[in-house]
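Please look through the following chain with its fold beside you, and take the points below one at a time. The briefing goes from the overall division to single residues.

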Amino acid sequence: MKHKPESVNVTTKSIVILISGHGSNMRALLEADLPCRVAAVISNRVDAPGLEIAKQHGITTRVVAHRNHPDRESFDSELAICIDSYQPDLIVLAGFMRILTPQFVARYQNKLINIHPSLLPAYSGLNTHARALQDGVKIHGCTVHFVTSDVDHGPIIIQAAVPVLMDDTPATLAARVLHQEHRIFPQAIRWFCNDDISLSADGKVRMKRLEQPDCTLISPRMEYANA
Ligand code: GRF
């Protein structure tokens with residue numbers, strides 16, 4: 001992440017990234033040279049490996065340990081105090097594994113985004129890759145969306161689809177999806193920071209620029225070209 005000179009453009013947005021674990025999505029964001037400033041990385045786990053990655057990039061790190069709180073409301077309140085100290089334009093859930101209370105989500109409505117390892121609304125919740133394999137789907141993927149109180153069902157910003165291969169295991173499928181997560185998450189945040197996306201009255205994400213080439217994915221690959 002290149003650090004912008006002091007004479008930073010006043011419209012440069014700031015973001016706070018929330019993690020719980022490895023932080024591979026956070027790393028992808030830090031390495032994407034996004035048009036924004038990362039004010040802090042906050043983890044709910046003191047042992048999250050992603051904290052070290054953030055420190056190596058010179059990013060302020062904080063821990064708000066969920067284990068120190070008797071309930072979600074208490075945790076979310078301390079988390080909000082920590083977030084508000086940075087006054088971010090966007091809060092990014094990057095492998096953040098806590099369910100947030102409706103009050104917390106309402107506080108950050110339309111500036112809270114998440115990445116989920118499935119093509120929502122399919123496979124909301126956990127263990128998405130094993131469930132997709134169990135169902136025998138041939139196309140799987142990942143989704144970046146705004147967070148609402150309806151878990152994993154907020155307005156979708158961007159998705160990536162990958163083929164499910166005959167010999168896939170949850171681990172091989174997860175790795176293929178994760179690679180695409182690392183591509184679409186920075187793209188979603190770039191659009192947000194450049195004000196390229198907006199939310200319509202019916203709760204759908206609209207792109208200000210509409211060039212959208214057709215790039216059909218068919219899985220398994222078809223054998224007859226003119227089929
Ligand atoms: C990713 O699959 C992400 O979609 C999910 O958590 C997994 C780990 O993310 N939310 P990271 O490596 O900690 O960014």
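What follows describes the domains, the interface, the ligand site and some backbone details.

This is a predicted model, in which local features need pLDDT of at least 70 and side-chain atom pairs count only at pLDDT 80 or more, while totals for chains, interfaces and linings use all residues. Residues are numbered from 1 along each chain as its sequence is written, and side-chain values use heavy atoms, with hydrogens and water left out.

**Domains**

- The chain is divided into domain 1, covering 1-108, and domain 2, made of 118-142 + 155-227, with bounds that come from an automatic or database domain assignment.
- Taken over C-alpha atoms, the centres of domain 1 and domain 2 are separated by 24 Å.

**Interface between the domains**

- In domain 1, 17 residues are in contact with twelve residues of domain 2, where contact means heavy atoms within 4.5 Å.
- About 1,200 Å² is buried between domain 1 and domain 2, and carbon and sulfur atoms give 71% of this area; buried area is the accessible area (1.4 Å probe) that two parts lose on being put together, summed over both.
- Lys13, Asn25 and Pro35 are the residues of domain 1 that lose the most area to domain 2, and together they make up 38% of what that side buries.
- Across the interface of domain 1 and domain 2 the rule finds one salt bridge, which is defined as a side-chain nitrogen of Lys or Arg within 4 Å of a carboxyl oxygen of Asp or Glu.
- Lysine 13 forms a salt bridge with aspartate 195, and the closest N and O atoms of this pair are 2.9 Å apart.
- Between domain 1 and domain 2, four residue pairs are in polar contact, both residues being at pLDDT 80 or more; a polar contact is a pair of N or O atoms within 3.5 Å, and within protein one must be able to donate a hydrogen and the other to accept it, while residues adjacent in sequence count only if both atoms are side-chain atoms.
- On the side of domain 1 that touches domain 2, the elements giving two or more residues are β1 (13-19), α1 (24-30) and β4 (90-93), where helices (H or I, at least four residues) and strands (E, at least two) are DSSP runs numbered from the N terminus.
- The most is given to that side by α1, with four residues.

**Ligand site**

- Among the residues around the ligand are His22, Gly23, Asn25, Leu178 and Glu181, each having a heavy atom within 4 Å of the ligand.
- In the side chain of glutamate 181, an N or O atom is 2.7 Å from an oxygen atom of the ligand.

**Backbone details**

- Leucine 120 and proline 121 are joined by a cis peptide bond with omega about 5°, and proline 121 is found in the loop between β5 (112-116) and α5 (128-135).
- The peptide bond from serine 219 to proline 220 is cis, with omega near 0°, and proline 220 is found in the segment after β9 (205-207).
- Aspartate 33 is not a glycine, although its phi is positive at about 50°, and aspartate 33 is found in the loop between α1 and β2 (36-43).
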